[in-house]
Amino acid sequence: HTGMKSGMLAAECAFASLLRDPAHKYGTMQTRGPLDMGAYDAALRASWVGAELRAARNVRPAFQNGVALGVAVSALDQLIFRGRAPFTLTHSRKDHETLRPAKECSRIVYPKPDGEVSFDILTSLARSGVNHEHEQPCHLVLKDPKVAVAHTRDHYAAPETRYCPARVYEHILSVDGTPELHINAQNCLHCKACDIKDPKRNIDWHPPEGGGGPAYTLM
């Protein structure tokens with residue numbers, strides 16, 4: 001519901017901006033420049049979306065020092081202060097800085113999907129109704145393809161193949177036999193985890209063409 005409301009507010013701000021500058025929509029990409037969306041941030045913060053997010057702002061940061069402390073602090077924040085605590089917790093590190101090298105971790109063996117509570121990726125993808133037009137630039141861009149192999153794969157055991165819920169990323173051998181990261185952009189569910197979690201921030205997620213993505217009509 002917050003995603004839908006934020007999209008509505010973005011559309012309203014874009015429409016208001018076009019009304020202020022009607023000549024903008026008739027120009028070319030070279031002459032008209034970017035649309036002024038400066039009012040969007042204030043509109044979002046002033047809406048019920050901003051109120052909801054502010055009330056829950058301390059819940060996730062509370063858990064960075066352990067579950068027990070996180071439960072205690074978030075209970076205090078939500079049950080006693082009701083989201084209006086006189087303080088704001090912050091994350092001590094960015095999300096992509098929390099990954100540890102593979103050699104420091106034990107491999108996790110997950111149980112196979114049972115088809116009742118848990119499902120395989122291809123079944124879940126089919127139920128999501130995800131679809132993108134094929135004739136468009138890939139909306140997932142590697143800043144440096146070599147980093148995806150020489151650093152992310154070799155040091156972190158390719159975490160993008162596990163945190164991505166749609167099997168967008170897979171390491172394969174190219175035609176000349178060299179390893180490379182292959183991107184199945186058609187599968188993308190738009191969670192943007194790769195843009196946030198990649199240890200070298202080597203993946204850029206760009207909005208694809210309008211109308212593409214998951215539909216969730218069968219979920």
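Mentor: Let us begin with accessibility: a residue is buried under 20% relative accessible area, exposed over 50%, and partly exposed in between (1.4 Å probe, protein chains only). By this rule Phe 87, at 29% relative accessibility, counts as partly exposed. Phe 81 is also partly exposed, with a relative accessible area of 28%. This is a predicted model, in which local features need pLDDT of at least 70 and side-chain atom pairs count only at pLDDT 80 or more, while totals for chains, interfaces and linings use all residues. Residues are numbered from 1 along each chain as its sequence is written, and side-chain values use heavy atoms, with hydrogens and water left out.

Trainee: How many aromatic pairs does the structure hold?

Mentor: A pair of aromatic rings is described by the distance of the centres and the angle of the planes. Rings of Phe, Tyr and Trp (its six-membered ring) pair if their centres lie within 6.5 Å; planes under 30 degrees apart are stacked, over 60 edge-to-face, and the rest tilted. The structure holds one such pair. The ring centres of Phe 81 and Phe 87 are 6.0 Å apart and the planes stand at 90°, so the pair is edge-to-face.

Trainee: Which residue lies over the face of Phe 119?

Mentor: A charge sits over a ring if NZ of Lys or CZ of Arg is within 6 Å of the ring centre and within 35 degrees of the ring normal. Here Arg 127 lies over the face of Phe 119, at 4.7 Å from the ring centre.

Trainee: Which residue caps the N-terminal end of helix H6?

Mentor: Helices (H or I, at least four residues) and strands (E, at least two) are DSSP runs, numbered from the N terminus. Helix H6 covers residues 121-128, and Asp 120 caps its N-terminal end: a side-chain oxygen lies 3.2 Å from the backbone nitrogen of Leu 122. After H6 comes Gly 129, with a positive phi near 70°.

Trainee: In which sense do strands E2 and E3 pair?

Mentor: Two strands pair if DSSP finds at least two bridges between them. Strand E2 (residues 169-173) and E3 pair in the antiparallel sense, over five bridges.

Trainee: Where is Lys 192 found?

Mentor: Lys 192 is in the loop between strand E3 (179-183) and helix H9 (193-197). Its phi is positive, about 65°, although Lys 192 is not a glycine.

Technical notes:
A polar contact is a pair of N or O atoms within 3.5 Å; within protein, one must be able to donate a hydrogen and the other to accept it, and residues adjacent in sequence count only if both atoms are side-chain atoms.
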